[in-house]
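This briefing is intended for a reader who is meeting the structure for the first time. Please keep the sequence and the 3D view at hand while reading.

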Amino acid sequence: MMRTIEPKMLYFGTPVVLISSLNDDGTTNAAPMSSAWWVGRTAMLGMSVNSQTVHNLTERPLCVLNLVDLPMVDAIDRLALLTGRRDVPGYKKARSYRYEPDKFAAAGLTPVQLTPDGPLAVAESPVQMEAEVRAIHSIDSADAGLRAMEAAVLATHVDEKLLLPGHKHHFDPLAWDPLIMKFTEYFAGGTNARPSSLAAGWGMPALTH
Ligand SMILES: Cc1cc2nc3c(=O)[nH]c(=O)nc-3n(C[C@H](O)[C@H](O)[C@H](O)COP(=O)(O)O)c2cc1C
């Protein structure tokens with residue numbers, strides 16, 4: 001039987017992206033997000049206006065979109081309740097978020113410089129896209145504080161293990177298994193990858209099996 005419900009969220013399953021952006025002091029912030037999709041050479045990235053990432057990209061549009069696979073899941077979870085924003089918003093404080101200026105150290109990830117003026121990429125990420133935010137759209141209700149950032153992908157760097165054998169410019173869909181966030185839980189290969197601090201922080205009901 002079909003039911004009409006009022007879901008808390010509509011996170012049906014999208015790839016986890018670790019976005020690198022430049023802080024005011026020139027250091028790099030890295031934030032996990034998953035409201036992301038691509039068409040042509042454009043990425044659409046949905047984030048809260050209260051994040052340091054949206055602040056940074058409003059001021060300095062260069063970013064790196066570091067895609068995430070299963071071996072990175074523990075590092076991602078270490079970032080789940082952190083923000084690069086010094087004045088942690090009240091609603092995040094109430095959910096035990098804290099300010100962290102060095103997300104790479106906190107996550108145990110390795111920074112790598114791709115371009116002289118862009119933010120640092122994440123060496124462990126098997127796909128690193130240099131991108132530039134070209135427009136920021138206010139979306140959802142007026143008080144939702146949500147932004148859809150439209151970013152042009154300028155260059156794509158990929159671990160050659162993810163390329164189709166014998167092809168220089170084609171991903172192998174059988175080799176690429178993105179970490180997926182589904183209703184605040186982590187999935188890879190279709191199975192639940194590990195407990196999610198995001199789900200715990202936001203008081204989501206426990207999984208039953
Ligand atoms: C796996 C994962 C996916 C997330 N997806 C999003 C998202 O799509 N949009 C968003 O605004 N926040 C998302 N978050 C929450 C942000 O990571 C969080 O707000 C973080 O504090 C932002 O960091 P910043 O303030 O340093 O930019 C996600 C968190 C995790 C762990």
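Thr14 stands opposite Met181, a residue of β13. The two strands concerned, β1 and β13, pair in the antiparallel sense over 2 bridges. The model under discussion is predicted. The points below cover strand pairing, aromatic contacts and salt bridges.

**The open sheet**

- Four strands make up an open sheet with antiparallel pairing, and their order is β1-β13-β14-β15.
- Because β1 and β15 stand at the edges with a single partner strand each, one side of each has no neighbour in the sheet.
- In general, the strands of a sheet pair through backbone hydrogen bonds, in either a parallel or an antiparallel manner.

**Pairings of β12**

- Strand β5 (residues 42-48) is joined to strand β12 (residues 146-158) by 7 bridges, and the two run antiparallel.
- Within β12, Glu150 is the residue that stands opposite Met44.
- Strand β11 (residues 127-139) is also antiparallel to β12, and 12 bridges join them.
- Ala151 in β12 is the bridge partner of Val133.
- The hairpin of β11 and β12 has 6 residues between the strands, and Asp140 in this hairpin takes a positive phi near 65°.

**Phe12 and the nonpolar surface patch**

- Leu10, Tyr11, Phe12 and Phe183 form a nonpolar patch on the surface, and together they have about 440 Å² of accessible area.
- Phe12 lies in the segment before β1 (14-15).
- Phe12 counts as exposed because its relative accessibility is 61%, above the 50% cut-off.
- Phe183, with a relative accessible area of 33%, is partly exposed.

**Aromatic pairs and a charge over a ring**

- The structure contains 2 aromatic pairs.
- One of them is the edge-to-face pair of Phe12 and Phe183, with 5.3 Å from centre to centre and 75° between the planes.
- This pair links distant parts of the chain, 171 residues apart: Phe12 is in the segment before β1, and Phe183 is in the loop between β13 (180-182) and β14 (185-188).
- Tyr91 and Trp202 form a pair that is tilted, because their planes are at 55°, and their ring centres are 6.4 Å apart.
- Tyr91 belongs to helix α3 (residues 90-93) and Trp202 to the segment after α5, so named parts of the chain 111 residues apart are linked.
- Tyr91 is partly exposed at a relative accessible area of 36%, and Trp202 is partly exposed at 27%.
- The charged end of Lys182 sits over the ring of Phe187, at 4.1 Å from the ring centre.

**Salt bridges**

- The whole structure holds 7 salt bridges.
- One of them joins the side chains of Asp24 and Arg60, at 2.7 Å from N to O.
- Asp24 is in the loop between β2 (17-22) and β3 (28-33), while Arg60 is in the loop between α1 (52-59) and β6 (62-67), so the pair ties together parts that are 36 residues apart in sequence.
- Asp24 is exposed, with a relative accessible area of 56%, whereas Arg60 is partly exposed at 23%.
- Another salt bridge is formed by Asp77 and Arg194, whose closest N and O atoms are 2.9 Å apart.
- Asp77 is in helix α2 (residues 73-79) and Arg194 is in the loop between β15 (191-192) and α5 (197-201), a link between distant parts of the chain that are 117 residues apart.
- Asp77 counts as buried because its relative accessibility is 6%, under the 20% cut-off.
- Arg194 is partly exposed, with a relative accessible area of 23%.
- Asp74, Asp77 and Arg194 are linked in a network of salt bridges.
- The side chains of Glu100 and Arg98 also meet in a salt bridge, at 3.1 Å from N to O.
- Glu100 is buried, with a relative accessible area of 14%, whereas Arg98 counts as partly exposed at 44%.

Key: Residues numbered from 1 in each chain as written. Predicted model: local features only at pLDDT ≥ 70, side-chain atom pairs only at ≥ 80, totals over all residues. Heavy atoms only, no water. Patch = residues over 30% accessible without salt bridge, like charges linked within 9 Å, V, L, I, M, F, W, Y side chains within 5 Å. Areas by Shrake-Rupley, 256 points an atom, 1.4 Å probe, with all protein chains shown as cover. Salt bridge = Lys/Arg side-chain N within 4 Å of Asp/Glu carboxyl O. Buried < 20%, exposed > 50% of the residue type's maximum accessible area, 1.4 Å probe, protein only. Phe/Tyr/Trp six-rings, centres within 6.5 Å; stacked < 30°, edge-to-face > 60°. Lys NZ or Arg CZ within 6 Å of the ring centre and 35° of its normal. Pairing = 2+ DSSP bridges.
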